[in-house]
Amino acid sequence: HLSQDDLLRRELIMDLMCSSTIDFQKVGQQYNIDFNDYFSGELSQIKNYADEGLIDLTDQGVSITPKGRLFVRAVAMAFDQYLSRQSTAKYSRLI
């Protein structure tokens with residue numbers, strides 16, 4: 001059974017992987033959350049990707065740049081809460 005948080009995170013990861021964007025306001029309205037507060041840790045985590053030009057990160061959303069398209073999985077992983085709980089790697093390597 002998926003929790004509301006699971007459904008939200010699944011949608012975010014799919015949006016990044018398929019359309020390369022997340023609209024914070026749209027997601028916030030759909031799930032009745034303040035996106036920036038709910039995902040403050042994740043947004044801090046992906047800020048490094050913005051510094052490297054792999055994503056465009058604004059107060060309105062995040063989008064994968066053409067340069068960052070090859071690293072979209074790394075960005076999406078920041079929103080996967082289960083990866084941080086694993087004690088051993090159970091996912092495919094990025095590179």
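Let me start with the core. The largest nonpolar core holds 19 residues, and Leu12, Leu16, Ile22, Phe35, Ile46 and Phe79 touch the most other members. A nonpolar core here is a set of buried Ala, Val, Leu, Ile, Met, Phe, Trp, Tyr and Cys residues joined through side-chain atoms within 4.5 Å. Buried means under 20% relative accessible area, exposed means over 50%, and partly exposed lies in between, with a 1.4 Å probe and protein chains only. Two or more residues of this core come from each of α1, α2, α4, β3 (61-64) and α5. As a general point, nonpolar side chains tend to be buried together in soluble globular proteins.

Some ground rules. This is a predicted model, where local features need pLDDT of at least 70, side-chain atom pairs count only at pLDDT 80 or more, and totals for chains, interfaces and linings use all residues. Residues are numbered from 1 along each chain as its sequence is written, and side-chain values use heavy atoms, with hydrogens and water left out.

Now the fold. The protein chain has five helices and three strands. Along the sequence the pattern reads α-β-α-α-α-β-β-α. These elements are DSSP runs, numbered from the N terminus: helices are H or I with at least four residues, strands are E with at least two.

Next, the totals. Of the 95 residues in the protein chain, 35% are buried. The accessible surface is about 6,300 Å², and carbon and sulfur atoms hold 50% of that. Areas come from the Shrake-Rupley method with a 1.4 Å probe; for residues, only the protein chains shown count as cover. Take the contacts with a separation of 6 or more: 51% of them join residues 24 or more positions apart. Contact means heavy atoms within 4.5 Å.

Ile22 sits in strand β1. Is Ile22 buried or exposed? Ile22 is buried, at a relative accessible area of 3%. Leave out residues up to four places away in sequence, and Ile22 touches Leu12, Asp15, Leu16, Val27, Phe35, Gln60, Gly61, Val62 and Phe79. Ile22 and Ser63 are 41 residues apart in sequence, yet their C-alpha atoms are 6.4 Å apart in space. Then Phe35. Beyond its neighbours within four places in sequence, Phe35 is in contact with Leu12, Ile22, Phe24, Val27, Leu43 and Phe79.

The largest pocket has a volume of about 160 Å³. Which residues are closest to its centre? Of the twelve lining residues, they are Gln45, Met77, Ala78, Phe79 and Asp80. The definition, since you will ask: on a 1 Å grid over the protein atoms alone, a pocket is an open set of points where a 1.4 Å probe fits, with protein on both sides within 12 Å along at least five of seven lines, and lining residues have an atom within 4 Å of a point. Grid points are joined across faces, edges and corners, and the volume is the space filled by probe spheres set on the points.

Who supplies the lining? Helices α4 (40-51) and α5 (72-77) each give at least two residues. The largest share, three residues, comes from α4. By type, the lining has six nonpolar, three polar and three charged residues. Nonpolar covers Ala, Val, Leu, Ile, Met, Phe, Trp, Tyr, Cys and Pro; charged covers Asp, Glu, Lys and Arg; the others, Gly among them, are polar.

Arg10 and Asp80 are 70 residues apart in sequence, with 8.0 Å between their C-alpha atoms. Arg10 is in helix α1 and is partly exposed, at 47% relative accessible area.

Most residues other than glycine have a negative phi. Ser20 has a positive phi, near 65°. Its place is the loop between α1 (4-19) and β1 (21-23). Ser20 is buried, at 13%. Asn32 also has a positive phi, near 55°. Asn32 lies in the loop between α2 (24-31) and α3 (35-38). Asn32 is exposed, at 71%.

Last stop, the loop between β3 and α5. Thr65 is there, and at 11% relative accessibility it counts as buried. Thr65 touches Gly53, Leu54, Ile55 and Asp56, not counting residues up to four places away in sequence. Phe71 is in the loop between β3 and α5 too, and it counts as partly exposed at 34%.
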